[in-house]
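Okay, thanks for coming, everyone. I'd like to walk you through a structure, starting with one chain and then moving on to the contacts between side chains. Have a look at it on the screen first.

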Amino acid sequence: VDALTVTLSAVADPTRRSILDRLKRGPATVGELAEPFRISQQAISKHLAYLERARLIEKRREGRQHICELNSGPLAEVAQWTEQFRRFWEESYERLDSFLVELKAKDEPKSRRDPPARKAKEAPRVRKD
Amino acid sequence: VFARTEFTIPPDQPTIVLRRTFDAPRRLVWEASTRPEHVERWFGFRGTTLSDCRIDLRAGGAWRFVLRMPDGTEHGFGGVYREIVPFERLVFTFVYDGAPGAEAVETITFEDRQGKTLMTTEVRHTSLANRDAQVAAGMEVGARESDDRLAELLETLSKSAATR
């Protein structure tokens with residue numbers, strides 16, 4: 001299993017995404033992270049362990065407390081691809097927009113004559129006027 | 001900048017979905033998407049060209065595009081058409097040369113929206129691992145320094161989960 005799959009499956013869970021969302025604002029204790037959820041601290045710890053294995057968070061000890069911190073590296077990797085993918089399609093679609101303007105201009109006289117225009121390669125019809 | 005195209009990348013499903021409305025009737029959007037001489041006018045990043053663009057538009061027919069980047073490197077991909085419903089629906093397989101083991105199935109639907117056309121593209125991989133393999137391969141295409149898009153990414157992921 002490659003790193004990307006690990007990252008994506010770690011963020012596949014809504015609770016884990018909320019935890020990451022909270023950690024974007026800064027480090028938090030395990031207790032603080034558990035607070036907004038109606039699940040046991042044990043369940044939260046499982047999610048945190050998952051995120052830790054995926055290297056999305058780092059845990060450190062301060063006295064009796066465990067402090068969690070976001071490590072955005074793996075997500076940045078996903079974001080980089082997502083960005084490429086978006087850019088690819090957005091730029092293609094913008095080019096398609098311009099091309100369609102051209103295509104519409106050429107098409108207008110034709111579509112006024114025969115609105116459905118189902119087949120491009122239809123044999124010319126013989127008209128009986 | 002990205003407001004016009006809606007992207008959905010569900011973290012727990014091997015799909016990617018794009019939705020975009022074009023200001024042209026369905027028939028023209030269909031033609032622009034299925035005729036090679038049209039496709040090569042718009043497909044790809046700005047500054048790229050299609051050095052090969054072949055479309056055999058029938059069920060079982062093959063298609064192949066080769067995208068030439070501004071630095072001269074080329075990226076080929078292609079597949080086979082599975083289903084063609086003119087002006088409505090196009091189903092075909094998609095394989096990127098860089099990730100030959102990860103074949104995806106793409107479904108493009110064209111819907112009338114008061115003279116405009118809503119085009120929905122769903123890319124479906126056979127597994128999350130395969131989608132991510134394509135993700136990894138795609139990262140090599142014109143890879144550049146990563147922006148800090150973390151917030152945006154999390155929003156996309158959350159939205160994907162919420163819409164299901």
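**A walk through the two chains**

So, chain A has 5 helices and 3 strands. Helices here are DSSP runs of H or I with at least four residues, strands are runs of E with at least two, and both are numbered from the N terminus. Start at the N terminus of chain A and you read α-α-β-α-α-β-β-α.

Before I go on, a bit of housekeeping. This is a predicted model, where local features need pLDDT of at least 70 and side-chain atom pairs count only at pLDDT 80 or more, while totals for chains, interfaces and linings use all residues. Residues are numbered from 1 along each chain as its sequence is written, chains are lettered from A and ligands numbered from 1 in the order in which they are written, and side-chain values use heavy atoms, with hydrogens and water left out.

Back to chain A. It has 129 residues, and 43% of them count as buried. Buried means under 20% relative accessible area, exposed means over 50%, and partly exposed is in between, with a 1.4 Å probe and protein chains only. The accessible surface of chain A is about 8000 Å², and carbon and sulfur atoms make up 49% of that; the areas come from the Shrake-Rupley method with a 1.4 Å probe, and for residues only the protein chains shown count as cover. Now take contacts in chain A between residues at least 6 apart in sequence: 50% of them join residues at least 24 apart. A contact is heavy atoms within 4.5 Å.

**The sheet in chain A**

In what order do the 3 strands of the open sheet in chain A sit? The order is β1-β3-β2, and the pairing is antiparallel. That leaves β1 (28-29) and β2 of chain A as the edge strands, each pairing on one side only. Two strands count as paired if DSSP finds at least two bridges between them.

β1(A) and β3(A) pair over 2 bridges, and A:T29 stands opposite A:I67 in β3(A). Helix α2 of chain A, residues 14-24, packs on this sheet and touches β1, β2 and β3 of chain A, with its direction at about 90° to that of β3(A). Helix α4 of chain A, residues 41-53, packs on the sheet as well, touching β2 and β3 of chain A, and its direction makes about 115° with that of β2(A). Those axes are lines fitted to C-alpha atoms, for helices over the stretch in contact, and the angles run from 0 to 180 degrees between N-to-C directions.

Then there's the other pairing: β2 (residues 57-62) and β3 (residues 65-70) of chain A run antiparallel over 6 bridges, with A:R61 opposite A:H66. The two strands form a hairpin with 2 residues between them, and A:G63 in the turn has a positive phi of about 65°.

**Hairpins in chain B**

Over in chain B, β3 (residues 49-55) and β4 (residues 62-68) are antiparallel and joined by 6 bridges. B:C53 has B:F65 as its bridge partner in β4(B). This hairpin has 6 residues between the strands, and B:G60 takes a positive phi near 90°.

β4(B) also pairs with β5(B), residues 74-85, in the antiparallel sense over 7 bridges. There, B:L67 is partnered with B:H75. The hairpin has 5 residues between the strands, with B:G72 at a positive phi near 95°.

**Cysteines and charges**

How many disulfides are there over all chains? The count is 0, a disulfide being a pair of cysteine sulfur atoms within 2.5 Å. As for individual cysteines, A:C68 is buried at 0% relative accessibility, and B:C53 is buried at 12%.

The rule is a side-chain nitrogen of Lys or Arg within 4 Å of a carboxyl oxygen of Asp or Glu.

One of them joins B:R27 to A:D107, at 2.8 Å from N to O. That pair crosses between chains, from helix α1 (residues 26-34) of chain B to helix α5 (residues 73-113) of chain A.

Within chain B, B:R54 meets B:D52 at 2.7 Å, and B:R54 is partly exposed at 48%. B:R89 and B:E83 form a salt bridge at 3.1 Å; B:R89 is partly exposed at 32%, and so is B:E83 at 31%.

Last one: A:R87, A:E91, A:E94 and B:R46 are linked in a salt-bridge network.
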